[in-house]
Amino acid sequence: MSSVIAEGLSAKTARRPGMKPTDTTDPNYFHKVVDCQWACPAHTPVPEYIRLIAAGRYSDAYMINWKSNVFPGVLGRTCDRPCEPACRRGRVEEQPVAICRLKRVAADSKDDIRDRLPKPSREKNGKRVALIGAGPASLTVARDLLPLGYHVTIYDQDPFAGGMMRTQIPKFRLPETVLDEECGYILGLEPETKFGSKITSLKSVLDQDYDAIFVGCGAPRGRELEIPGRQDAKDNIHIGIDWLSSVSFGHTTAIGKRVIVLGGGNTAMDCCRTSRRLGGEDVKVVVRSGFEEMKASPWEKDDAMSEGIPILNFLVPKEFTHKDGKLTGVLFEKVKAERDAKGRRNLVPTGEPDQHIECDDVLVAVGQENAFPWIERDIGLDFDKWDMPVVDSVTFQSTNPKVFFGGDAAFGPKNIIWAVAHGHAAAVSIDLMCNGHDVKVRPADPNTLASQKMGIHEWSYDNDVSLDLRFKVPHAPSELTLRDVNMEVELGFTKELGFKEAQRCLNCDVETVFEKNLCIECDACVDICPVDCITFTPNDPEDELRTHLTATATNKTQDLYVSDYLKTGRVMVKDEDVCLHCGLCAERCPTGAWDMQKFYLETAQACGR
Amino acid sequence: MTYIAKPKLHHPGLPKNALGFTHRDYEGRISTLCAGCGHDSISAALIQACFELDLEPHRVAKLSGIGCSSKTPDYFLGQSHGFNSVHGRMPSVLTGANLANRDLIYLGVSGDGDSASIGLGQFAHCVRRGVNMLYICENNGVYGLTKGQFSATADKGSKSKAGGTNADSAIDLVSLALVLGATFVARSFSGDKHQLVPLIKAGLAHQGAAVLDVISPCVQFNNHAGSTKSFDYVREHNEAMNRIDVIPAREEIKVDFEPGTTEVVRQHDGSYLKLAKLHRDYDPTDRAAAMAHLQARQAAGEVVTGLLYVDPEPEDLHTHLGTVTTPLNRMGEKELCPGAAALAEVNAGYR
């Protein structure tokens, strides 16, 4: 901060050109301030449901989630939580709000919500839609279209709905009852299901004259690791996602005592932890690159390590060793990371002797890929040079206008929440197309902005900022969980802990809205702001302005909220970066120039039409 | 009044001063004054000034009387000494405290009622004795706590919120301080921290009686058309004589300016005041000329602000009295009460 708080100027001061006043009528402006919601692919209104959890209104909190992300109970346990790194709380103290696990509190503590769900439509609109795959993307499309009267047919090779949520996520992370419940809400809308039948030709589906086809078959092929010994020892070398699926359906119930898991993603973490529960005593994860570079979420790495699973890094698998047709171990080359002249990071051998690690079984979890051998190449559906279908990133339409893609099938492996977001968007497209509209003209996201003022210094939200640090989710004792592959490890927050964690939320959706015509430039807001984010200053271009605010605004991903010129020729500039949304600016404002207004946005959905 | 405590969370990039404190470490409790009160801005300026001066909070004593202004010491420097005294009697208490412990930095906080009405005599004597202090008058020209009557500093002819016109002459604390021999006299405006913060720093560093009159609009009762203490009126009529920069003693001073536009005043503690002169013919080290200039500008309807007078070599009360350098409160009973023999010796000196 400069020693000069704000350059004081008399009324005679001329207006200095600089930033344009912020257009707060553009919903993107305040949406972006709600960092968690903005970061969420499905744009779930996070602060709103967290407040409802704090108020003990679990069912209401659940329904907000259900509407937005379809699988709150599943996601509250398994989401990759892009919202949490975005959370403003993480910028003003050590850790973000445990948004994901709060979602689970809503799911765990809700009442029976079935009477709040849409009912199967009695009036059909005569349109028929086929969904290929019964994973999160397809189920989302089904949920959005069924209430509108569409006849929806869901195909899946497995006998149950759920897709990768069922086959790839171990039950100790996601109990089957939770998945069954949330898939059941959609199946309750009475789609036609053709489960247990694998589609081998898209053409044959097209020939059935559906009005639209949605491909949500995931990225079903685990990447191979073709190194010497792979075929010789194949009985004890398993592809991670296939093995997990086999465990999920009860076909595989045991594994050797010594297990090596190759790969550093979340699938690898699920593989190693599952191995520990099926007889693996000495389970190791081995990754090519560094521990830090691993793709697995940090908390999944922590959970694996807390179960006694070491993660060895900078080891590149060179050969599967075997004797008499039986796997004996894996030979690794030791490497280190180096930057080349162009600054690219490469793994180069250290020159040390190779390391041999003995084992009974290997699980290969080195990635997944899409595979569309069942899609004919002469049906007007273009593939790109990587042999992936050409899909529009907004409409999810392929070059065959009747065929849409979503989830991992669209752009490769991502997470459930992305699949849900794709599903919503594809459902909008299908609905537009079936009604003869241009799929490229997207409906606006409905949103509201409403004052939260209840009295002179009373707001309809709790503006007292909690100073608690992030609470840990309690776990069941590992002596028990390691014995049972189906026993859930995380116990979830209790209602009491859930309340305390919910209180950490900064209510970023309650926006500081400035009305420049009411401002008398008394500085009260500047003086009270606990995070020094408000400045009254002569205007300047943004880069310059950022350097001479009350506190320098270094985070350029966060906007400056700039008013029009005030009486003294200055402008009000608010750096959104670390605003606590405590409302003290509005409480100390004598004229109501500052107001706290709740911004609520739901993404446009087909079923909300 | 705000019910919640100001959150402890702060901007992650807050600078720290030489003591490792951020400006937030100089805060007090949350203000209970009306929203938008000019006094809160003065508190914020005091916080900023003490932060920038690297003041150890335990070395500051805040003293006040009665009134809105006199409540404010609760809202800044929460770790410092404080004394909320009787109406208009703060100067006596401050003088006493200063006599007992000359090592503290004394900050008198008062208002126009406390200083210019009930406490005018106390104000006068405290200033003429040269008590080493910064005396801040948070001047809003109105009795806010009793709902808006004219105070003694309300300008003749100005209008009250209820519609009455003030027939009485105003007491100008700045002119009074000059007459009474204050060695540092300044005026500022609560809505201009750019000017106010350096003036507070300079006043705190000044080793004599420093008087700072700060016009501080009362948003409730004196911020209407017809008032001469409103945000709009002061902004319209503010005539700054100079802009100052306080340069601490440890820093080397670089003087590169056009003669006649900048003046450097070395203070007794080794610090410098760098004055950007906004009025070429204004000399803040010439008391008589300053008084004449002030009268003329004020007669022309201007609200004159800035550092109006400074004596670079001030004398204070302790110098006048010839007290020892060791603060009295650090002496033992033996030194302070040397016994009957010593008393007899003193008495003998008068015979």
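Two strands are taken to pair if DSSP finds at least two bridges between them, strands being DSSP runs of E of at least two residues and helices runs of H or I of at least four, numbered from the N terminus. By this criterion, strand β2 (residues 151-156) of chain A pairs with β3(A) in the parallel sense over 4 bridges. Within this pairing, D156(A) stands opposite F195(A) in β3(A).

The model is predicted: local features need pLDDT of at least 70 and side-chain atom pairs count only at pLDDT 80 or more, whereas totals for chains, interfaces and linings use all residues. Residues are numbered from 1 along each chain as its sequence is written, and chains are lettered from A and ligands numbered from 1 in the order in which they are written.

Chain A is divided by an automatic or database domain assignment into domain 1 (1-33 + 449-466 + 504-609), domain 2 (35-115 + 467-503), domain 3 (117-220 + 370-434) and domain 4 (222-367). The centres of domain 1 and domain 4 of chain A, taken over C-alpha atoms, are separated by 51 Å.

The contact between the chains (C-beta atoms, placed from the backbone, within 7 Å) takes 39 residues from chain A and 34 residues from chain B. On the side of chain A that touches chain B, α7 (89-92), α20 (524-528) and α22 (584-588) of chain A each supply at least two residues.

Notes: Contact = placed C-beta atoms within 7 Å.
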